[in-house]
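Let's take a walk through the aromatic side chains of a protein model. Have the viewer ready and follow along.

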Amino acid sequence: MDGPSTQGKGIVRTVGQPIGNLVEKEIGPAGGSIHSEDGRISIEIPAGALNTDVRLAVEPITRTLVDGVENTSLPAFRLLPHGQTFSKPVKINFHFSENEFKTIISNVTKIAYQANDGKWKGIPSSQVDMNTKKVSVNTTHFSDWTVYEGIYLEPTENVSVEINKSVTLKVMVMTPLTLSSGQSDQQEVYLDEPSEIPASVDWRIVGGSNSGTIANLPSRPAANYTAPGSIPTPNPVEVEAKIHLSTQGDLNILKNITILEPIEPGIHLRINGGAWIHFTDTDSFADNESYVASDGNYPYDVHEISLRIAGGRARGRGSWAWDDQPESENSTSFEYIVKKPGPYTSYKHLYTKNNFDIWHVSPGAVRITEYKADQYGQVWATGDFTIESSTPFIEGHSGTPPSAKIVGNFKLKVK
């Protein structure tokens, strides 16, 4: 599908960087298929699409399309040779696990590619298969490809809020004319900055008593959810946004909000769902560097932690993917080191499969959800982080240790 371009001017984005292994395969006039090493994308080439044998390739890359700030973890791939064309449309399929499919609004999930001018173009005619958990599109060219949600609820990923505190929820749209006005789905669309959807939205809390309150913000498709004064049952709380689209009827989006006890000052993490590890004797968050490090509480030779967020750009609420400034000393990074009891073990925001010479940046992000002064004028940064895959370095260990998932939160003074 390569139709005329419409909808806005689009925004030039940087080109994604390789983050995984290249898979190559020679395919000729008889057709065939190729898929990425992790199976998250596959390409079906029909007979007659190529006139001669061509070595095709698939390579995972960083995702530079900007929609929901946490959506950097969605898959993106470079299909090679770049600009390769086909006499017949080939089919690109993005595959998702059951859990992944639950986290996206499947009926408004689309596919996009980065054009030669650096702008991302969405293809509204992307097809969603609810049974096989895949999103597909037909095209006659290779480029850099990813998926995106045409309509989504922000924040896009896990939402947590302390008791008695509030969080703002907003319904966002990538292509308002296409999705709200019934524009032909046979046209490609330039993807601009996401904006609040131009439609009315009804909000409600689904089930459960004493689960907090929610109220619309006047004249906006947004609402403030306020948590109750104690941990509710069930937890997380489920919130529904019912969006009234002028030509497509109603669309319901659900969001789970986990209610937490107040976050204590310091940095707190756990590995693979284990016990919480606390760093309460923590230095202040250096605003000019967005960096903090700690050797923990006494005795100081047990473990240490360091966290850097966007190298000086984290001066307020926001979300930043790991290694958001590649090859920079100021990139968003994490390290937790266990010293005693041994062996010496280091967890970072990186993972490897079977070669410690080749490392990849983990999906996930760090967020600052609250950035404000207390009654004494001291500014605090509160937030959380997720590292989906961290391969630890374990001193003396032979082979590649299993990767771990790390989650955590923090409440830090800002210098």
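What follows starts with model confidence and then turns to the rings.

Keep in mind that this is a predicted model. The chain has a mean pLDDT of 86, with 91% of its residues at 70 or more. Two stretches call for some caution. Residues 1-6 have pLDDT below 50, and that stretch makes 24 contacts in the model beyond near neighbours in sequence. Residues 177-185 are also below 50, with 25 such contacts.

Now for the rings. The structure holds eight aromatic pairs. One of them joins Tyr298 and Tyr300 in an edge-to-face arrangement, with 5.7 Å centre to centre and 80° between the planes. Tyr298 is exposed at 69% relative accessible area, while Tyr300 counts as partly exposed at 44%.

Next, look at Phe334 and Phe385. Their rings form a tilted pair, 5.5 Å centre to centre with 40° between the planes. What does this pair tie together? Phe334 sits in strand S28 (residues 333-338) and Phe385 in strand S33 (residues 379-390), so the pair links parts that are 51 residues apart in sequence.

Elsewhere, ring pairs join Phe279, Tyr336 and Tyr347 into a cluster.

Lys119 lies over the face of Tyr190, 5.2 Å from the ring centre. Over at Trp380, the charged end of Lys411 sits above the ring, 5.5 Å from its centre.

Technical notes:
Residues are numbered from 1 along each chain as its sequence is written. Side-chain values use heavy atoms; hydrogens and water are left out. pLDDT is the predictor's confidence in each residue, from 0 to 100. Contact means heavy atoms within 4.5 Å. Rings of Phe, Tyr and Trp (its six-membered ring) pair if their centres lie within 6.5 Å; planes under 30 degrees apart count as stacked, over 60 as edge-to-face and the rest as tilted. Buried means under 20% relative accessible area, exposed over 50%, partly exposed in between (1.4 Å probe, protein chains only). Helices (H or I, at least four residues) and strands (E, at least two) are DSSP runs, numbered from the N terminus. A charge sits over a ring if NZ of Lys or CZ of Arg is within 6 Å of the ring centre and within 35 degrees of the ring normal.
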